[in-house]
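Subject: Structure handover

Hello,

Here is the structure I said I would pass on. My notes follow below it.

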Amino acid sequence: MSSEPVVALSPKTWDEIKTTTCYMCACRCGIKVYLKDGTVTYIDGNRDHPVNKGVICGKGAAGIKQHYSPGRLSKPLIRVGERGSGEFREIEWEEALQTATSWLGNVRKTDPKKLAFFTGRDQSQGLTGWWATQFGTPNYAAHGGFCSVNMAAAGLYTFGGSFWEFGEPDWKYTKYFLLFGVAEDHGSNPIKAGLGKLKKRGAKFVSVNPIKTGYSAIADEWVGVRPGTDGLFVGAIIHELLNAGQIDGDYLNRYTNSPWLVIDNKGASDHGLFARDENGETLVWDAHKKTAVPTSDHNAARALMGRFTLADGRKVATSFQLIAERYLSADHAPDAVTERCGVPADTIRRIAAELAHVAFKETVTLDVPWTDFTGRRHEKMIGRPVAMHAMRGISAHANGFQTCRAIHLLQIMLGTIDTPGGFRYKAPYPRPIPPHIKPTGKPDQIWPNEPLPGPPLGFVTGPEDLLLADDGSPQRIDKAYSWDAPIAAHGMMHMVITNAAKRDPYGIDVLFMYMANMSWNSAMNIPDTLKYLTAKDETTGEYIIPKIIYSDAYASEMVHYADLILPDTTYLERWDCISLLDRPISEADGPADSIRQPVVEPERDVRAFQSVLLDLGARLKLPGMTTPEGQARYPGGYPDYIVNHERAPGVGPLAGFRGVDGTQSGKGAPNPNQLQAYIDNGCHWFYELPDEHKYFKHVNKGYLEWATGFGLIGKPEPIIHQLYCEPLQKFRLAAEGHGAIQPPDGHRARIMEAFDPIPFWYPPFEGDLVDEAAFPIHAVTQRPMAMYHAWGSQNSWLRQILGRNWLYIAKERAAKLGIADGDWVTVTSHQGQIKGQAKLMNGVNPDTVWTWNAIGKRSGTWGLKKDAPEAKQGFLLNHLISELLPKRDGGYRFSNSDPVTGQAAWYDLRVRVEKSADQSNISGPQFPTLKNLGVGQ
Ligand code: SF4
């Protein structure tokens, strides 16, 4: 008998599998978590899940190392040393909650707006926004203001949807796909899978991006545009299409406001507004009757273009006449923009011709009859198979809102929105333009111990909706919805700490943040941010921001600058809901939502932030979180809320398995077994629309009626695309001196320029304000496919892919600068200087340098060793980016943001790059090492 040992070649590594939702990036794929003896051993994609259909990416699979990260926090902490010293005392949860309740309660009973509550990339904004409303503070927002609000607002004010989570290219039928500046860490599995489909079918994929990495590297054509000039490139394409008559006149006439009549009365208070009849209805010109008729007259022979005189003598022009006049002008011609945007004029002309050819000569026809909102029956669905998609590359510029509107104008002129092969809405979109939610927080809406009458965030349609104090100054701490940023629909998180420390417009009592690394990679101007967080009042010796409460699962840089730490769980230890009330996981073919379930119990003394928030709400006796008897309304925490909360009768956080027996969708009574029903269904729910509802949703009678019944929209009314944006003109008129609410004089010129109702391009502000000769190069970041925000750098598997970053420079530019591969270089902006190591490459716009975002860490954080490469060789561009623009003539420093939406202009940075005199193997600046607060290995 052999005595050879038996080797188990394929031991079973699991004894249990649980489904849940990934949180290693924003895509929210379905995953299967394999467990052995209660330990996570493997993570795989869930084949039945609508988002990823089984695909798992490197980040998702590495979730194990996120869950077992040495950077995890393990116990509530209260600060006992100075801010930044890392001196904390561990406390029990009861003390932590009592402390928070006391701090928050004092604010609420005096002046609730002295609480600033801001969250980072959390996926529970349906809850956090509602909590702020119940607390009574307008000072609430999540990270959208420094991420994507240009892109979201431009879409919601133009076509009732948006790029990113609110829609997707029609991967099945698109034949030509134009992608602008999308981050591979965010738009991950769904875009990868979609691009795979396009490649298989031979569709053309054009990527417009200064840098040829990630998706751009596999594009059929890479257009290496200069940062911030995409609007010029798009405008020139529009010019070419108009010149060639290559537009979808039918689509524009029926489904957009192109034929609506605009008053031409320069200098008057109605100039640029839509002409309306005595019933307030907008008008179109009937070319046969030669008179204006209401827009609702669907039998009118609508003139798409022209200038006319109304019976009352008013001069008018169609919206599209004004649009065409602008874009047909010579300054939009390819030859006029080529030098500035860095794209050859012939390339622009060719791409315009290709788009037109695919849209009009390669139409997709589906044998699916449908009826539009006028009652007109269409025997087939005819699509123009051109799709576009954009994200931060467009969004993170001070001209991003108008640039994104220009992209939508281009799509809509080609007739591609929600047609087969075009860009498709995802539920709950399309919605009315803009959505019918106004922000609240005016002076008469904030009272001690009272909730706000509505949500803090919404969509303004004129100066009367702004949140202004009685003297016209900003009412919010971040100055959102003021004349600084009137359409700041996601707030302006990047301004909170600066403004609070400067008591501009006022001081606050408590800063409460969740998952927001605001002292490091989420801050512009880190050195000053650290000063603001630690600044003390000279007379009292107290911190100017008196109390900072922070919740996070990990020992990020921000933890050290807070006073009270509420440690959160990892994503595998808690309940969550990916809700239609927030940012759901819907598909273009129908609404979908999902949950996270705890697949393991925490072995640390941590609690899920959402349950903690509900607990605090009950302790503070916030309405909505308290029963009439004064008891906690959701004593079971977040899962209790997910099941039983109703935002409107029958409408709760989850749309699936509603009704007491779980048979209803959309609307229905709470179902006590709803979470189990989700678990039984793989932790997700999806409703597939019937074929006749899948396209033209904005004007599809059947879909609009279904969406009304389901609770997605209030009325089954068409969602007419607003190419000409009248709300913008209302702000402009105020700046010209009309109406009761007008901007301060120093703001007038800026509002008049930026609030053009027709999309246009203007230079990003920073480039315009600094000396271009001194700072000749653009500096931007890219997000690596293998990391998500700052989180990836604590993950021992993902760190092996990217443990540090470099500054990438075009070879030709580096040669001119005398920089060789591997040289250490200094990068200088008007704000500061950093030192990083250079790598030379082809495939980057020669006027641009770039690096990976959020890899650089402060020594001692995230559970990393103090001399980790992330800390000693890694670096951030954040030190170079100011949250305030350089002074203009009047001396006022506007925030470094889009003037319409307040979106942080991360990508407007201008720098000079030089070989460093210091070639030592260390990046700069270096800050003192922080005390490691994570659980360790
Ligand atoms: S794409 Fe994002 S959500 Fe999906 S598996 Fe990868 S990390 Fe997770």
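His 789 touches Arg 121, Asp 185, His 186, Arg 783 and Ala 854, leaving aside residues up to four places away in sequence; contact means heavy atoms within 4.5 Å. His 789 sits in the loop that runs between strand S29 (777-782) and strand S30 (807-810). Strands are DSSP runs (E, at least two residues), numbered from the N terminus. With a relative accessible area of 15%, His 789 is buried (under 20% relative accessible area, 1.4 Å probe, protein chains only).

This is a predicted model, in which local features need pLDDT of at least 70 and side-chain atom pairs count only at pLDDT 80 or more, while totals for chains, interfaces and linings use all residues. Residues are numbered from 1 along each chain as its sequence is written, and side-chain values use heavy atoms, without hydrogens and water.

Phe 512 touches, among others, Leu 104, Trp 131, Ile 549 and Phe 609.

Strands S2 (residues 30-36) and S3 (residues 39-45) pair in the antiparallel sense over six bridges; pairing requires at least two DSSP bridges. Leu 35 has Val 40 in S3 as its bridge partner. The two strands form a hairpin with two residues between them, and Asp 37 in the turn has a positive phi of about 50°.

Regards

Key:
Helix = DSSP H or I, 4+ residues; strand = E, 2+ residues; numbered from the N terminus. Buried < 20%, exposed > 50% of the residue type's maximum accessible area, 1.4 Å probe, protein only.
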